[in-house]
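Subject: Structure for your review

Dear colleague,

Please find below the structure that I am handing over to you. My findings follow it, and I would ask you to read them with the structure open.

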Amino acid sequence: MKNNPWSIEIVNQDTPRGIFCFALFDFDGTISLIREGWQKIMIPYFTEELAACPDAAKIPTDEITKTARDFIYKLTGKQTIYQCIELAERVARLGGKPREPLEYKNEYLRRLDLRIADRIAELEANPSAAAKHVVPGSFDILRALQEHNVKMYLASGTDEKYVFKEAALLGVDKYFTGIYGARDDYKTFSKKMVIDRIIKENNLHGRELLGFGDGYVEIENVKEAGGFACGVATDEVNRSGVDQWKRGRLKETGADIIIPDFTGTPELVNYLFAD
């Protein structure tokens, strides 16, 4: 895929399209960039916890970091608590005394809050700054789907209270019929549950469902439901071009198409709603 000009990478040419009534969006990395750089918080923190274990004394730090990075990325897209559950299990394997996963999660969020505090403050003081903190073209695709009478839902692995707040700060909340996020009782929410609920309540066939995401979870869930999955492989740091790691993961997971962002919304909509 070329970074410039904007283009669609078609992975599955034969997947039906054109009859979409509902769309499911992931939030962080797909629409919102408020939490860009979260990996730079989680990976060092988890590495600290693993390196402090008795049986980690003889393991090189870079190997511990790689271990943390690998399972963090593997679980990206699921609720944050799942990464913390995995951390607790690995601490135990290394002879450490693990804390409750929720404690790990709360400490990670405390550290992340420090990183994004300036972004939140900027949005609270100046709503027009939203354009700096979304994947480019996000408002274009949301308006375009609204004009096509597509009902949109937002489902995030980030805690629900943060999703509500940040979606409102960005001004995207008004586009969604429903917004869903993680809860402390993590078993009561998953993106799959949201998809199943949308399909059941609206008597949908999978072909009527369109999904957008930058992680494997939402792509897998949409494909399992028989829907069309659009992988969003945005380079979050530069806000331009394709993140090749995301692109590879999205292709492996089964995305039907991959795009760098939403700046090519007219072309994207023409493709999605072609007869």
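Glutamate 86 is buried in this predicted model, because its relative accessible area of 16% falls under the 20% limit. Its side chain meets that of arginine 90 in a salt bridge, with 2.8 Å from N to O. Arginine 90 counts as partly exposed, at 22% relative accessibility. Both residues belong to helix H3, which covers residues 80-93, and because they are four residues apart, about one helical turn separates them. As background, side chains of opposite charge can pair when their charged atoms come close.

A second salt bridge joins glutamate 160 to arginine 183, and here the closest N and O atoms are 3.7 Å apart. Glutamate 160 lies in helix H6, whereas arginine 183 lies in the loop between S4 and H7, so the pair ties together parts that are 23 residues apart in sequence. With a relative accessible area of 18%, glutamate 160 is buried; arginine 183, at 35%, is partly exposed.

Arginine 115 is partly exposed, with 29% relative accessibility, while glutamate 36 is buried, at 13%.

I now turn to the sheet. In what order do the seven strands of the open sheet stand? The order is S1-S7-S6-S5-S2-S3-S4, and the pairing is mixed. Strand S1 (9-10) and strand S4 (176-182) stand at the edges; each has a single partner strand, so one side of each is left without a neighbour in the sheet.

Strand S2, residues 22-25, runs parallel to strand S5, residues 209-213, and four bridges join the two. Within this pairing, alanine 23 stands opposite leucine 210 of S5, and phenylalanine 25 has phenylalanine 212 of S5 as its bridge partner. S2 also pairs with S3 in the parallel sense, again over four bridges. There, leucine 24 has tyrosine 153 of S3 as its bridge partner.

Which way do the side chains of S2 point? Phe22 and Leu24 point one way, Ala23 and Phe25 point the other way, and all of them are buried. In general, the side chains of a regular strand alternate between the two faces of the sheet.

Helix H6, residues 160-170, lies across strand S3 (151-159) and S4, and runs at about 125° to S3. Helix H7, residues 191-201, lies across S2, S3, S4 and S5, and its angle to S3 is about 160°.

Yours sincerely,
A colleague

How values were computed:
Residues numbered from 1 in each chain as written. Predicted model: local features only at pLDDT ≥ 70, side-chain atom pairs only at ≥ 80, totals over all residues. Heavy atoms only, no water. Pairing = 2+ DSSP bridges. Contact = heavy atoms within 4.5 Å. Axes fitted to C-alpha atoms, helices over the stretch in contact; angles between N-to-C directions. Buried < 20%, exposed > 50% of the residue type's maximum accessible area, 1.4 Å probe, protein only. Salt bridge = Lys/Arg side-chain N within 4 Å of Asp/Glu carboxyl O.
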